[in-house]
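Student: I would like to go through this model with you, one question at a time. Please show it first.

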Amino acid sequence: MRKLTLALGVAAALGSASMAAQAADVAVIDWQQALLETQSAQQSMNQLRNQLGNKPQQVQALGQELQQLQQRLQRDGATLSEAERNNLIQQLQTKGGQYQQQRGELEEARANQEQQFLEQARPRLDRAIQQVVQRHQVKVLVDRNSVVYADDALDLTSEVTAAYNAGN
């Protein structure tokens with residue numbers, strides 16, 4: 001019985017050592033975060049802000065104006081004359097259309113800038129990932145957002161960002 005217990009203990013120790021070696025072969029990365037924290041991404045976002053100027057603030061102000069008009073219609077609609085109510089509804093429709101159009105233009109500009117940046121940055125990100133994976137001898141790299149749990153020691157996100165910024 002004592003030999004069986006000793007054999008089970010040795011087997012368990014070897015099994016846990018083997019599992020620890022396998023765990024070192026796996027790492028996780030949040031590639032979107034790694035990319036968004038790069039200096040290139042920050043420059044791209046600043047460039048977009050400069051291109052858009054004060055347009056986001058104008059759209060936000062128009063949205064607030066829409067809310068105020070809608071609140072006024074709800075609050076005072078029953079006491080307004082037919083002409084005043086129709087005028088208010090017309091303003092809501094006009095400004096609502098302007099708001100939708102301007103907001104769509106902003107979203108399109110952002111999406112275009114992001115797509116352009118991703119196309120330009122993807123090869124460099126792939127090289128940074130490859131460099132970090134080779135340094136750590138990682139065999140499997142998993143997207144952090146697809147994992148239920150991963151120890152922070154397995155996360156290579158910040159290291160990939162640093163490699164990207166260094167120009168890998």
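Student: Is Gln58 buried, partly exposed or exposed?

Tutor: This is a predicted model, in which local features need pLDDT of at least 70 and side-chain atom pairs count only at pLDDT 80 or more, while totals for chains, interfaces and linings use all residues. Residues are numbered from 1 along each chain as its sequence is written, and side-chain values use heavy atoms, with hydrogens and water left out. Buried means under 20% relative accessible area, exposed over 50%, and partly exposed in between (1.4 Å probe, protein chains only). Gln58 has a relative accessible area of 42%, so Gln58 is partly exposed.

Student: Where does Gln58 sit, and how far in space is Gln58 from Arg103?

Tutor: Gln58 belongs to helix 4, residues 55-76. Helices here are DSSP runs of H or I with at least four residues, strands are runs of E with at least two, and both are numbered from the N terminus. Gln58 and Arg103 are 45 residues apart in sequence. Their C-alpha to C-alpha distance is 9.8 Å.

Student: What pattern does the protein follow along the sequence?

Tutor: The protein has six helices and two strands. Read along the sequence, they give α-β-α-α-α-α-β-α.

Student: Is Ser44 buried or exposed, and which residues does Ser44 contact beyond its neighbours within four places in sequence?

Tutor: Ser44 lies in helix 3, residues 39-52. Its relative accessibility is 10%, so Ser44 counts as buried. Contact means heavy atoms within 4.5 Å. Leaving aside neighbours within four places in sequence, the partners of Ser44 are Gln113 and Phe117.

Student: At what angle do helix 5 and helix 6 pack?

Tutor: Axes are lines fitted to C-alpha atoms, for helices over the stretch in contact, and angles run from 0 to 180 degrees between N-to-C directions. Helix 5 spans residues 82-136 and helix 6 spans residues 157-165, with their axes 8 Å apart. The packing angle is about 115 degrees.

Student: How do the residues of that contact divide by type?

Tutor: Helix 5 contributes residues including Phe117, Leu125 and Ile129, and helix 6 contributes residues including Val160 and Tyr164. Ala, Val, Leu, Ile, Met, Phe, Trp, Tyr, Cys and Pro count as nonpolar, Asp, Glu, Lys and Arg as charged, and the others, Gly among them, as polar. The contact divides into nine nonpolar, four polar and three charged.

Student: Which residues does Ile129 contact beyond its neighbours within four places in sequence?

Tutor: Ile129 is one of the members of the core that touch the most others. Leaving aside neighbours within four places in sequence, its contacts are Ile29, Leu141 and Val160.

Student: What is the phi of Gln137?

Tutor: Most residues other than glycine have a negative phi. Gln137 is in the loop between helix 5 and strand 2 (140-143), and its relative accessibility is 60%, so Gln137 counts as exposed. Gln137 is not a glycine, yet its phi is positive, about 55 degrees.

Terms used: Core = buried A, V, L, I, M, F, W, Y, C linked by side-chain atoms within 4.5 Å.
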